[in-house]
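Here are some notes to read alongside the structure, written for someone meeting it for the first time. Please keep the sequence and the view open while working through the points.

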Amino acid sequence: MTRAINTPLRIAIAAAAIGSLAACGGNDRPKTELAAAQLNTIGVNAYLWRGALDTLSFAPLVSTDSAGGVIVTDWYANPSNPNERVKVTVTILDQDLRADALRVAASRQVAQGSGWVEAPVQAATIQKLEDIILTRARDLRRKAVAG
């Protein structure tokens, strides 16, 4: 019976000790950075979102959905190569700033006769767009943390 009485008392003493240890140090604790997902009101990582918008600013946008993390451009033809056009869709899949939280898809068409014909998009082009978006997002995050 003594053991049953002492067990709750031991738990209470241990909890009090842990609580007092947690209070040690006062304001000397290092401040932690809030996750990007806690800093924004959109459904996806704010840095990836902004990085994608900045990267795709060369093309007109058809639609953007910040809650779902989807950006779709309209067809864009580079003035130096008007016989080719591209359309890009960026999907942000997560609230964390990670490479696997980003998916880029592109369609390409070339002029043929009086119309447009589907053409393949090189994987390197998709990879380059992803790299540019990720680099821009990391730069934005660095500036936010430093500032």
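1. Before the pocket can be discussed, one term is needed: the lining residues of a pocket are those with an atom within 4 Å of a point of that pocket, and the helices and strands named below are DSSP runs, numbered from the N terminus. Please also bear in mind throughout that this is a predicted model.

2. Which element gives the most to the lining of the largest pocket? It is H4, with four residues, while the elements that give two or more residues to this lining are strand E3 (84-92), strand E4 (102-112) and helix H4 (123-146). The volume of this pocket is about 200 Å³.

3. Turning to the strands, E1 (residues 61-65) and E2 (residues 70-73) run antiparallel and are joined by four bridges, with Leu61 standing opposite Thr73 in E2. Four residues lie between the strands in this hairpin, where Gly69 takes a positive phi near 75°.

4. E2 is also joined to E3, again in an antiparallel manner, through three bridges, and in this pairing Val70 is found opposite Thr91 of E3.

5. The largest nonpolar core holds 20 residues, and those with the most contacts inside it are Ile71, Val90, Ile92, Leu102 and Val104. Helix H3 (46-55), E3, E4 and H4 are the elements that give two or more residues to this core, and H4 gives the most, with six residues. As general background, nonpolar side chains tend to be buried together in soluble globular proteins.

6. Ile92 deserves a separate look: once its neighbours within four places in sequence are left aside, Ile92 is in contact with Val44, Asn45, Leu48, Trp49, Gly68, Gly69, Ala101 and Leu102. One of these contacts, Gly69, is the hairpin residue with the positive phi.

Definitions and conventions: Residues numbered from 1 in each chain as written. Predicted model: local features only at pLDDT ≥ 70, side-chain atom pairs only at ≥ 80, totals over all residues. Heavy atoms only, no water. 1 Å grid on protein atoms, 1.4 Å probe; cavity = no way out; pocket = protein on both sides within 12 Å on 5 of 7 lines; lining within 4 Å. Points joined across faces, edges and corners; volume = space filled by probe spheres on them. Pairing = 2+ DSSP bridges. Core = buried A, V, L, I, M, F, W, Y, C linked by side-chain atoms within 4.5 Å. Buried < 20%, exposed > 50% of the residue type's maximum accessible area, 1.4 Å probe, protein only. Contact = heavy atoms within 4.5 Å.
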